[in-house]
Amino acid sequence: MIRLIAVLTSLLTLAQTAQAEVDIEVVNTPSGLTAWLVEAPEIPFVALEMRFGGGTSLDALGKRGSVNLMVGLLEEGAGAMDARGFAERTEELAASFDFDAYSDSISISARFLSENRDEAIDLLRLALNEPRFDQDAIDRVLGQVISGIKSDLKDPDVIARRKFSALAFQDHPYGSSGEGTEDSVSALTRDDLVQAHRDTMTRDRLHIAAVGDINAADLAVLLDTLLAELPEQAAPWPDVADYGLDGGITVVPFDTPQSVAVFGHEGIQRDDPDFFAAYILNELLGGSGFDSRLQSEVRVKRGLTYGVYTYLAPRDHGPLFLGGVSSSNDRVSEAVAVIQDEWARMANEGVSEEELELMKTYLTGSYPLRFDGNARIAGILVSMQQSQLGPDYVNTRNDNIRAVTVDDIRRVAARIMRPEDLHFVVVGNPQGLEASN
């Protein structure tokens with residue numbers, strides 16, 4: 001408790017100098033796009049963040065891994081430039097582009113100097129609208145993906161996460177890795193990648209944020225130049241992911257001196273009225289890196305692990321409440337038992353007034369410190385849009401945190417925490433821990 005109080009004091013001191021207010025302007029372009037803008041002309045630099053909703057969950061039937069591979073090829077040549085030419089031009093402009101695929105989105109991050117803005121946008125436009133998908137580039141990136149897939153087969157953390165997902169969601173896209181398998185990605189053709197691009201990178205599910213040295217009028221022109229040629233509509237959303245995992249323990253034998261466990265059950269969506277209470281509850285249970293209950297009981301008091309954590313995963317089609325822990329094979333059974341006990345105690349008793357007030361002070365004091373750079377702010381803004389939060393959220397979020405009461409926590413804990421449904425997937429050679437299914 002003393003350590004947490006010291007951290008809180010430090011955070012509050014820093015927060016006094018942080019700017020909590022963020023002036024967000026909603027920009028509508030002539031072609032019908034909407035973006036959020038925070039002007040920051042002090043430095044001649046712009047951070048542009050875009051997210052296409054859908055991600056790897058939109059893989060066509062039998063084409064698992066196609067969206068992930070397609071995204072990996074966006075910077076491997078575009079327009080008249082092959083992969084080398086594209087990389088050289090990016091370096092000449094001192095620009096930075098990142099392309100990433102996730103279960104529910106494709107993320108595009110761009111960073112460029114004001115003096116090179118038009119040239120950087122022209123280059124990015126080619127990558128988004130005219131990727132080449134040259135066969136030599138496909139072969140090279142495919143080799144990298146397969147190498148990663150093979151490496152993951154030897155990683156107990158990845159094995160545990162994927163086994164949990166497979167048990168929970170089965171044939172839904174959430175039940176398998178967006179990277180695909182060695183067989184599924186090896187069978188992909190260039191036509192499959194072209195179709196994946198057409199199915200996912202569309203205007204109807206696009207969220208945009210820009211932060212830096214640009215005004216609203218210029219941003220509107222920039223975005224229409226960049227994105228007007230994209231298709232209008234994406235492939236249909238996947239079905240809701242039916243959660244199919246009961247409480248219990250699954251053991252995956254793996255030759256390692258330390259077992260890894262992933263645990264959890266169904267969670268709560270971001271737009272649920274109880275989300276703020278659930279968020280604080282999670283931080284108190286195991287989400288905070290400070291004196292959470294699980295850290296105290298599993299690590300500090302018993303020395304069973306170097307780290308234990310929980311988090312809310314409000315996925316678009318199937319939310320989860322998850323956690324993870326690793327412990328030596330001869331002690332992991334005790335760690336599992338302690339987590340089960342703490343999960344039940346939180347569900348049945350909630351939290352104390354002191355716990356809640358300390359956590360609210362920490363969460364409200366640390367929040368302004370997140371807004372410490374153009375790129376981070378752009379990322380926060382586009383995530384807010386994905387979660388269907390309004391532009392005023394950054395200025396009202398702390399009020400929502402402060403409004404949560406002990407009774408709210410207790411009510412929501414009883415609602416969303418289901419000890420009887422808590423399932424553990426343990427990868428290793430755990431002693432004294434028997435699988436229940």
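Reader: Where is the place of Ile 339?

Author: In this predicted model, Ile 339 lies in helix H12, which covers residues 332–349.

Reader: Is Ile 339 buried or exposed?

Author: Ile 339 is buried, because its relative accessible area is 0%, and buried means under 20%.

Reader: Which residues does Ile 339 touch?

Author: Leaving out residues up to four places away in sequence, Ile 339 touches Phe 263, Leu 294, Val 298, Val 308, Val 325 and Phe 424.

Reader: How many residues apart in sequence are Ile 339 and Phe 424, and what is the C-alpha to C-alpha figure?

Author: They are 85 residues apart in sequence, and their C-alpha atoms are 10 Å apart in space.

Reader: Turning to the nonpolar cores, how many residues has the largest, and which have the most contacts inside it?

Author: The largest nonpolar core has 63 residues. Phe 263, Ile 280, Val 298, Leu 381 and Met 417 are those with the most contacts inside it.

Reader: Which helix gives the largest share of this core?

Author: Helix H10, residues 275–287, supplies the largest share, namely nine residues.

Reader: And what does Met 417 touch?

Author: Not counting residues up to four places away in sequence, Met 417 touches His 265, Leu 281, Leu 285, Phe 321, Trp 343, Met 346, Ala 347 and Val 412.

Reader: What does the second, separate core include?

Author: That core has 57 residues, and Leu 37, Leu 128, Leu 188 and Ala 196 are among them.

Reader: Back to H10. At what angle do H10 and H13 pack?

Author: H10 and helix H13, residues 353–366, pack at an angle of about 105°, with 10 Å between their axes. H10 is therefore roughly perpendicular to H13.

Reader: Which residues make that contact?

Author: From H10 come Tyr 279, Ile 280, Glu 283 and Leu 284, and from H13 come Glu 355, Leu 356, Met 359, Lys 360 and Leu 363. Of the residues in the contact of H10 with H13, six are nonpolar, none is polar and three are charged.

Reader: What about H10 and H16?

Author: Helix H16 spans residues 406–416, and it packs with H10 at about 85°, the axes being 9 Å apart. These two helices are therefore roughly perpendicular to each other.

Reader: Which residues of H10 and H16 meet?

Author: Ala 277, Ala 278, Ile 280 and Leu 281 of H10 meet Asp 408, Ile 409, Val 412, Ala 413 and Ile 416 of H16. The contact of H10 with H16 divides into eight nonpolar residues, no polar ones and one charged.

Reader: Now the strands. How many residues of E10 are buried?

Author: Strand E10, residues 258–266, is mostly covered, with seven of its nine residues buried.

Reader: How many bridges join E10 to E12, and how many to E13?

Author: Nine bridges join E10 to strand E12, residues 320–328, and the two run antiparallel. Gly 264 stands opposite Leu 322 of E12. E10 also pairs in the antiparallel sense with strand E13, residues 423–428, over five bridges, and the bridge partner of Val 260 in E13 is Val 427.

Reader: What order has the open sheet of six strands?

Author: The order is E1-E2-E8-E3-E7-E6, and the pairing is mixed. Strand E1 (25–28) and strand E6 (96–101) are the edge strands, each pairing on one side only. From one strand to the next, the twist averages 15°.

Reader: In what sense do E1 and E2 pair?

Author: E1 and strand E2, residues 34–39, pair in the antiparallel sense over four bridges. Glu 25 has Leu 37 as its bridge partner in E2, and Leu 37 is also included in the second core.

How values were computed:
Residues numbered from 1 in each chain as written. Predicted model: local features only at pLDDT ≥ 70, side-chain atom pairs only at ≥ 80, totals over all residues. Heavy atoms only, no water. Pairing = 2+ DSSP bridges. Axes fitted to C-alpha atoms, helices over the stretch in contact; angles between N-to-C directions. Core = buried A, V, L, I, M, F, W, Y, C linked by side-chain atoms within 4.5 Å. Buried < 20%, exposed > 50% of the residue type's maximum accessible area, 1.4 Å probe, protein only. Contact = heavy atoms within 4.5 Å. Parallel < 35°, antiparallel > 145°, perpendicular 65-115°, else oblique. Nonpolar A, V, L, I, M, F, W, Y, C, P; charged D, E, K, R; others polar.
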